Amino acid sequence: DKIKACQKAEHKFANVPCGIMDQFIATLGDVDHAFFINCQTNEFEKVPFGEKTLLLVVTDTHKKHELAGGEYAKRRATCEAVAKSLGVPSLGEVHIDQLIKYFCKPGSDYSHLPDKSYPRSRHVVTEIARALKAKECLVSGDITLFGQLMNQSHKSLADDYQVTCPELDEVVRVAWGTEGVVGSRMTGGGFGGCAITLVKRDAEKVLLDRLNKLCPYSSSFSTTAGSGAYSWDI
């Protein structure tokens, strides 16, 4: 109930048609665990994410993102339109082969769909597949492939969903070019905000130094998977 109430507040008062991921992790986050969430059913699973040789580096571009400005809502509406056209409740029901077949029919008329419907929906479908594979990687301990999935995610967010910005792309490129980095991608709603990088602990200083030098507009901090929001007496 608390999670849904927080999402409703975003929808009603902030005018952002957001999902439910942030509310889930803020409410139920657990130390050394990631969350795998099915946003269609709201079912969730805690997945071990406590590798002691790794750190998460969060880099804030300090570019404000205005999600209520319309671009976020446009992308969501586009994906909902594609799902409706395919006769499914959401793109979570669609495999990439099905999507390609639908958009590659010779002579088909897609004028009823919003502009850029194919790349927008392609990002969502492939991102869901990446999330499923990423969970498998964490369970099996394949951190190398997990990092590659992070990188693929950012490329898709930049090229297909087009929600990154020059600052985010630069931060991620710097991370990708740093030895010891496992993977890096933007995080959050995009159009500004932060990138997150998975890095080996012994490469943390090198990464932070490179980010400070090559992305002077940004600031970074290192962390690990922690608990959700909580209160304490003072």
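These legends describe close-up views of one predicted model. Residues are numbered from 1 along each chain as its sequence is written. In this predicted model, local features need pLDDT of at least 70, side-chain atom pairs count only at pLDDT 80 or more, and totals for chains, interfaces and linings use all residues, while side-chain values use heavy atoms, without hydrogens and water.

**View 1**
Helix H1 covers residues 2-13. Helices (H or I, at least four residues) and strands (E, at least two) are DSSP runs, numbered from the N terminus. The expected span of a helix is 1.5 Å times one less than its number of residues. For the 12 residues of H1 that gives 16 Å, and the end C-alpha atoms are 16 Å apart, which agrees. Asn15 follows H1 and has a positive phi, near 60 degrees.

**View 1. The largest nonpolar core.**
A nonpolar core is a set of buried Ala, Val, Leu, Ile, Met, Phe, Trp, Tyr and Cys residues joined through side-chain atoms within 4.5 Å. Buried means under 20% relative accessible area, exposed over 50%, and partly exposed in between (1.4 Å probe, protein chains only). The largest core holds 32 residues, and Leu86 and Leu91 touch the most other members. Elements that each supply at least two residues include strand S3 (54-60), helix H3 (71-86) and helix H7 (166-176). H7 gives the most, with 5 residues. Contact means heavy atoms within 4.5 Å. Not counting residues up to four places away in sequence, Leu86 touches Leu91, Val94, Gln98, Leu99 and Tyr102.

**View 2. A second core.**
This separate core has 16 residues. Among them are Ala134, Ile143, Met150 and Leu198.

Most residues other than glycine have a negative phi. Asn42 has a positive phi, near 65 degrees. Asn42 sits in the loop between strand S1 (33-38) and strand S2 (43-48). With a relative accessible area of 26%, Asn42 is partly exposed. Gln162 also has a positive phi, near 55 degrees. Its loop runs between helix H6 (143-159) and H7. Gln162 is partly exposed, at 33% relative accessible area.

Cys215 lies in the loop between H8 and strand S6 (219-223). Is Cys215 buried or exposed? Its relative accessibility is 0%, so Cys215 counts as buried. Leaving aside neighbours within four places in sequence, Cys215 contacts Glu170, Val171, Val174 and Arg210. Lys64 is 151 residues from Cys215 in sequence and 16 Å away in space, C-alpha to C-alpha.
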